[in-house]
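Subject: Handover of a structure for your review

Dear colleague,

Please find below the structure that I am passing on to you. My findings follow it.

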Amino acid sequence: MRALEQAMRDKARELLASGQVRLVLGYEAGSVPFRTAPAFIEAPADAERLVWNPFCTNNLAVYLPAAVGAGRVAVMAKGCDARSIVTLIQEHQVPRERVVILGVPCTGMAETARLAGADGSLHGIAVTWDGDGTLGLRDADGERSVAVRDVLQERCRLCEHNTPALTDEMLGEAAPPMPGAAEPFAAVKALASRPVEERRAYWRAQVERCIRCYACRAACPACYCRTCFMDKAAPRWASKANTADESWMFHAGRAFHLAGRCVECGECERVCPMGIPISALNRMLDREVRERFGYTAGLDPDGVAPLGTFRPEDPDPAGSEER
Amino acid sequence: MADIRTAAQQTAKERATVQTAWEPLIVAFLCNWCSYAGADLAGSSRLAYPPNVRVVRVPCSGRVNPLFIMSCFKKGFDGVLVAGCHPGDCHYVKGNYYARRRMPLAQELLEYMGVEPGRVRFDWVSAAESGRFAQVVQSLTEQVRALGPFAVNKSHI
């Protein structure tokens with residue numbers, strides 16, 4: 001992994017110095033431990049700022065549509081990020097020739113909440129990474145090690161595409177599969193099997209907590225509409241009132257707008273300040289799309305999302321055979 | 001849509017002040033060329049069907065945005081019908097093919113979020129199928145009646 005970090009810096013420096021790109025998107029040290037920040041590297045000398053560790057969680061594809069306007073952009077792409085980039089290419093938001101995809105094989109990002117001390121806080125904890133699979137934590141109570149594999153973000157644990165699909169260049173060897181990749185929809189199936197009244201109460205309780213900060217929308221590379229349906233006044237799909245009704249419209253509507261397009265990067269859920277399980281909603285539709293149309297988002301830049309096409313042999317709605 | 005909202009609010013007031021039995025309120029998005037014409041034929045043939053349906057005429061079932069269906073439930077309706085031309089008969093050639101992918105996905109999402117199966121129906125009704133229209137509305141009304149008023153979002157009541 002240290003080699004990967006060095007490869008990132010070397011590649012960034014080379015691409016910028018040669019003028020092949022005008023910007024490199026990557027990760028740099030955050031303002032606190034346990035965090036990195038998205039890095040916007042324009043000068044070859046700044047390539048030293050790039051880092052790679054189990055806290056490089058942001059989906060950098062979200063910055064691409066704006067960034068490619070001024071020239072070619074190179075981006076450090078984990079598996080999920082690369083799939084987002086493919087979706088953006090499919091939807092003509094990013095021209096293929098304007099982006100240099102530097103594939104980063106990923107063994108998963110750490111769930112920072114699970115690294116907290118006995119008091120539930122991350123405050124005062126120093127963290128080191130051995131460049132492989134172990135984090136060292138040191139606080140007032142002493143030192144402890146934690147295997148990254150034991151504190152994975154759920155969306156990483158379930159990831160089926162942790163080695164990027166489409167790249168211009170891979171910066172490392174293919175990564176081993178993630179532990180939960182064989183059962184990516186276990187939680188969705190469990191919730192779907194609950195009685196409908198229970199699901200109604202569950203989602204009502206979840207959307208009630210929404211403060212409509214739209215952090216989920218801002219973090220999502222697939223949400224690039226200039227005017228979101230929630231901000232339209234005519235037709236007015238939902239008011240600005242922060243009631244459960246209006247928030248329900250937001251979550252139901254956004255989930256549907258992502259059907260067949262979401263790559264399950266999990267950033268929406270991670271950035272939600274209220275802990276709403278947004279990816280439980282997105283994943284449900286991803287499963288439907290996969291089962292009905294055999295389609296997974298972000299794998300084929302020449303593909304068409306399933307709702308943008310049809311087949312004459314698509315199944316008719318249930319019950320419509322009655323005459 | 002303003003008319004429909006007023007009707008729903010009036011019905012809510014009636015429920016609150018006058019002890020009227022609850023009647024399902026269902027919105028039907030009917031495509032102009034097939035299902036709306038079928039409904040019209042049912043009417044001019046004096047075929048009896050439940051009065052619980054409020055019709056919204058759209059050019060094509062492919063025009064129906066899933067947000068319409070979500071809006072109906074947010075506003076307090078109890079059921080939604082979307083009816084279009086049979087596959088192959090779409091006036092705009094392929095609008096109903098898109099609807100055939102879009103509508104079942106919308107139904108699945110709503111069901112996952114707690115809208116009981118049976119409240120949203122997507123079906124084909126041709127311009128000649130007046131009897132079928134009446135039968136579809138009859139069976140949907142009975143299903144929704146059995147399910148009761150749609151109860152998810154009552155923060156305004």
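Two residues are taken to be in contact if their C-beta atoms, placed from the backbone, lie within 7 Å. Please bear in mind that this is a predicted model. With neighbours within four places in sequence left aside, Ile26(B) is in contact with Asn52(B), Val53(B), Arg54(B), Phe77(B), Asp78(B), Gly79(B), Val80(B), Leu81(B), Leu140(B), Thr141(B) and Val144(B).

Ile26(B) also belongs to the largest nonpolar core, which has 130 residues. The residues with the most contacts inside this core are Ile26(B), Leu109(B), Leu64(A), Val75(A) and Ile85(A). Helix H4 of chain B gives the most to the core, namely 9 residues. Both domain 1 (2-109 + 152-308) and domain 2 (110-151) of chain A give residues to the core, so it lies between them.

The sheet of chain B

Chain B has an open sheet of 4 strands in the order E2-E1-E3-E4, and the pairing is parallel. Strand E2 (53-58) and strand E4 of chain B are the edge strands, each pairing on one side only. From one strand to the next, the twist averages 20 degrees. Strand E1 (residues 26-31) of chain B is paired with E2(B) in the parallel sense over 6 bridges, and Phe29(B) stands opposite Val56(B) in E2(B). Helix H2 (residues 35-44) of chain B packs on this sheet, where it touches E1, E2 and strand E3 (79-84) of chain B. The direction of H2(B) makes about 115 degrees with that of E1(B). H4(B), in turn, lies across E3 and E4 of chain B and runs at about 160 degrees to E4(B).

The interface between the chains

Between the two chains, 30 residues of chain B are in contact with 29 residues of chain A. On the chain B side, helix H3 (66-75), helix H4 (95-112) and strand E4 (120-124) each supply at least two residues. H4(B) gives the most to that side, with 13 residues. By class, the side of chain B that touches chain A comprises 16 nonpolar, 5 polar and 9 charged residues.

The domains and sheet of chain A

Chain A is divided into domain 1 (2-109 + 152-308) and domain 2 (110-151). Taken over C-alpha atoms, the centres of these domains of chain A are separated by 25 Å. Contacts between them involve 12 residues of domain 1 and 15 residues of domain 2 of chain A. On the side of domain 1 that touches domain 2 of chain A, there are 7 nonpolar, 4 polar and 1 charged residues.

Strand E1 (residues 23-29) and strand E3 (residues 73-77) of chain A run parallel and are joined by 3 bridges. Within E3(A), Ala74(A) is the residue that Val24(A) stands opposite.

Finally, Thr296(A) is found in the segment after helix H10 (278-293) of chain A. Thr296(A) is partly exposed, with 18 other C-beta atoms within 10 Å.

With kind regards

Conventions: Residues numbered from 1 in each chain as written. Chains lettered and ligands numbered in written order. Predicted model: local features only at pLDDT ≥ 70, side-chain atom pairs only at ≥ 80, totals over all residues. Domains from an automatic or database assignment. Nonpolar A, V, L, I, M, F, W, Y, C, P; charged D, E, K, R; others polar. Pairing = 2+ DSSP bridges. Axes fitted to C-alpha atoms, helices over the stretch in contact; angles between N-to-C directions. Core = buried A, V, L, I, M, F, W, Y, C linked by C-beta atoms within 7 Å. Buried ≥ 20, exposed ≤ 12 C-beta atoms within 10 Å, placed from the backbone.
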